[in-house]
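Thanks for asking me to look this one over.

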Amino acid sequence: MTITELIDALELCPAVLVDETVPVTGAYCGDLLSDVLANLDEGAAWMTVQGHANIVAVAQLRDPSCVVLVNGVNPEPDTVAKAKIHGINILCSPRTSADLCMNMADLLN
């Protein structure tokens, strides 16, 4: 599945879309950045409630396909700017990470 297919299937709203052809290989839900650094797989969609610029730094180190801000969270302006500079896709949803992950499981299998 690509970022475009993920956006369409889960009705996500792009906040930063730098490469919509990136493959999405899985999902990870995490808000504790040290946990995400230790466990996020490359290519996974990372779901979080964190909208601050530190998510871009974590994404640079772990290389997810995208960061999905859940529960109606929007990225801070400096997060958007840094994501554009570093090529990080950021998507938004009013839904919970659990809801999105359950739907993604059906899509990825």
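The points below go from the whole chain down to single residues.

1. **What we are looking at.** This is a predicted model, in which local features need pLDDT of at least 70, side-chain atom pairs count only at pLDDT 80 or more, and totals for chains, interfaces and linings use all residues. Residues are numbered from 1 along each chain as its sequence is written, and side-chain values use heavy atoms, with hydrogens and water left out.

2. **The layout.** You will find 5 helices and 5 strands in the chain. Helices (H or I, at least four residues) and strands (E, at least two) are DSSP runs, numbered from the N terminus. Followed along the sequence, they give the pattern α-β-β-α-β-α-β-α-β-α.

3. **Overall dimensions.** Along its principal axes, the C-alpha trace spans about 35 × 25 × 25 Å.

4. Of the 109 residues in the chain, 40% are buried. Buried means under 20% relative accessible area, exposed over 50%, and partly exposed in between (1.4 Å probe, protein chains only). The accessible surface comes to about 5400 Å², and carbon and sulfur atoms account for 51% of that surface. These areas come from the Shrake-Rupley method with a 1.4 Å probe; for residues, only the protein chains shown count as cover.

5. **Strands 2, 3 and 4.** Strand 2 (residues 26-29) pairs with strand 3 (residues 44-48) in the parallel sense over 4 bridges, and Tyr28 stands opposite Trp46 of strand 3. Strand 3 and strand 4 also run parallel, joined by 4 bridges, with Met47 opposite Val68 in strand 4. Two strands pair if DSSP finds at least two bridges between them.

6. **Faces of the strands.** In strand 2, Gly26 and Tyr28 make up the covered face, while Ala27 and Cys29 make up the uncovered one. In strand 4, Cys66 and Val68 point one way and Val67 and Leu69 the other way, and all are buried.

7. **Leu100.** Have a look at Leu100, which sits in helix 5 (residues 97-108). Leu100 is buried, with a relative accessible area of 0%. Leaving aside neighbours within four places in sequence, Leu100 is in contact (heavy atoms within 4.5 Å) with Leu10, Leu12, Met47, Val68, Val70, Ser93 and Arg95. From Leu100 to Val70 there are 30 residues in sequence and 8.7 Å in space, C-alpha to C-alpha. For the chain as a whole, 46% of the contacts between residues at least 6 apart in sequence join residues at least 24 apart.

8. **Two loop residues to check.** Glu11 lies in the loop between helix 1 (3-10) and strand 1 (13-16) and is exposed, at 66% relative accessible area. Asp63 has a positive phi too, near 55°. Asp63 belongs to the loop between helix 3 (54-62) and strand 4 (66-69) and counts as partly exposed, with 43% relative accessibility. As background, most residues other than glycine have a negative phi.
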